[in-house]
Amino acid sequence: MPTAVDLAAEPYEFTLAPNNCALLIIDMQRDFLEPGGFGEMLGNDVSQLRGAIEPNRKLLAAWRAAGLSVLHTREGHRPDLADLPPAKKVRGRSAASIGDAGPMGRILVRGEAGHDIIPELYPAPGEPVIDKPGKGAFHATDLHAILQHRDVKQLVVTGVTTEVCVNTTVREANDRGYDCLVLEDCCGSYDPEFHAMGLRMIKAQGGIFGWVSSSESVIEALAAWRSAR
Ligand code: C5J
């Protein structure tokens, strides 16, 4: 029975070991992706992010069908905002900031409608949801402990935004010894140039933070791995 399967990636092929790999879906939240949410309220074009929904949906279906680990993250804060750094609250000087009333409830506050994950990618029972106060999913969360308990050594990382929470998480994961494979079509940024540069930074210098590939390559690799079992 093969324990691993190679798939096409940049800067070179990635050896996927499904039993030691988790799919980590970053911040596919209503406030970032839905028309009428906080992201759009700030003047962003949410269609730039929405292109990542369908590839994530297909990947998630294939990943679940293979019986592998899936984890989801959400960026947000306690309702009392005790975990919100004052610097994060005031930065940007926008009219509405974290904790204020927004179009889908209080902005980036846990329990509010806009903070939740979009219905297309909603977590299934048993899939851990990591509520993170920062951009990186390891900061002030139990993600590392959960991954260690599951013997996870590799992460397939998707979500939004490519240059902020995806990049920060991949860098944190890299420093903790995980191999990260980031899927280009399953990530998105309000700024296409930042998306491209965010991916370039990951695979630069021989894969300084990890690898970049596509959902199609991972789905094919999973099918090959399953049929060889
Ligand atoms: C994420 C952000 N999720 N851009 N947040 O990237 O503020």
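In this predicted model, Lys88 has a relative accessibility of 18% and counts as buried. The cut-off for that class is under 20%. The side chain of Lys88 meets that of Glu75 in a salt bridge, with 2.8 Å from N to O. Lys88 belongs to helix 5 (residues 86-90) and Glu75 to strand 4 (residues 69-75), so the bridge ties together parts 13 residues apart in sequence. Glu75 is also buried, at 2% relative accessibility.

This salt bridge is one of 14 found across the whole structure. Side chains of opposite charge can pair when their charged atoms come close. Arg78 and Asp80 form another such pair, at 2.5 Å from N to O. Here Arg78 is partly exposed, at 40% relative accessibility. Asp80 is partly exposed as well, at 48%. A further salt bridge joins the side chains of Asp83 and Arg110, at 3.5 Å from N to O. This pair links distant parts of the chain, 27 residues apart. Asp83 sits in the loop between strand 4 and helix 5, and Arg110 in the loop between strand 6 (105-106) and strand 7 (129-132). Arg110 is partly exposed, with a relative accessible area of 23%.

Strands of a sheet pair through backbone hydrogen bonds, either parallel or antiparallel. Strand 3 (residues 21-26) and strand 4 run parallel and are joined by five bridges. Within this pairing, Ile25 has His72 of strand 4 as its bridge partner.

Helix 4 (residues 53-65) has 13 residues. From first C-alpha to last, helix 4 reaches 18 Å, close to the 18 Å expected at 1.5 Å a residue. Its buried residues are Ile53, Pro55, Asn56, Leu59, Leu60, Ala62 and Trp63. Just after helix 4, Gly67 adopts a positive phi of about 75°.

Three aromatic pairs are found in the whole structure. In one of them, the ring centres of Phe14 and Trp211 lie 4.9 Å apart and the planes stand at 75°, so the pair is edge-to-face. Phe14 lies in strand 2 (residues 14-16) and Trp211 in strand 10, so this contact ties together parts 197 residues apart in sequence. Both Phe14 and Trp211 are buried. The pair formed by Phe138 and Tyr178 is tilted, with 5.8 Å centre to centre and 35° between the planes. Phe138 is in the loop between strand 7 and helix 6 (143-149), and Tyr178 is in the loop between helix 7 and strand 9, 40 residues apart. Phe138 is buried at 6% relative accessibility, and Tyr178 is buried with a relative accessible area of 4%. Tyr12, Phe14 and Trp211 form one aromatic cluster.

Note on methods. Residues are numbered from 1 along each chain as its sequence is written. This is a predicted model: local features need pLDDT of at least 70, side-chain atom pairs count only at pLDDT 80 or more; totals for chains, interfaces and linings use all residues. Side-chain values use heavy atoms; hydrogens and water are left out. A salt bridge is a side-chain nitrogen of Lys or Arg within 4 Å of a carboxyl oxygen of Asp or Glu. Helices (H or I, at least four residues) and strands (E, at least two) are DSSP runs, numbered from the N terminus. Buried means under 20% relative accessible area, exposed over 50%, partly exposed in between (1.4 Å probe, protein chains only). The expected span of a helix is 1.5 Å times one less than its number of residues. Two strands pair if DSSP finds at least two bridges between them. Rings of Phe, Tyr and Trp (its six-membered ring) pair if their centres lie within 6.5 Å; planes under 30 degrees apart count as stacked, over 60 as edge-to-face and the rest as tilted.
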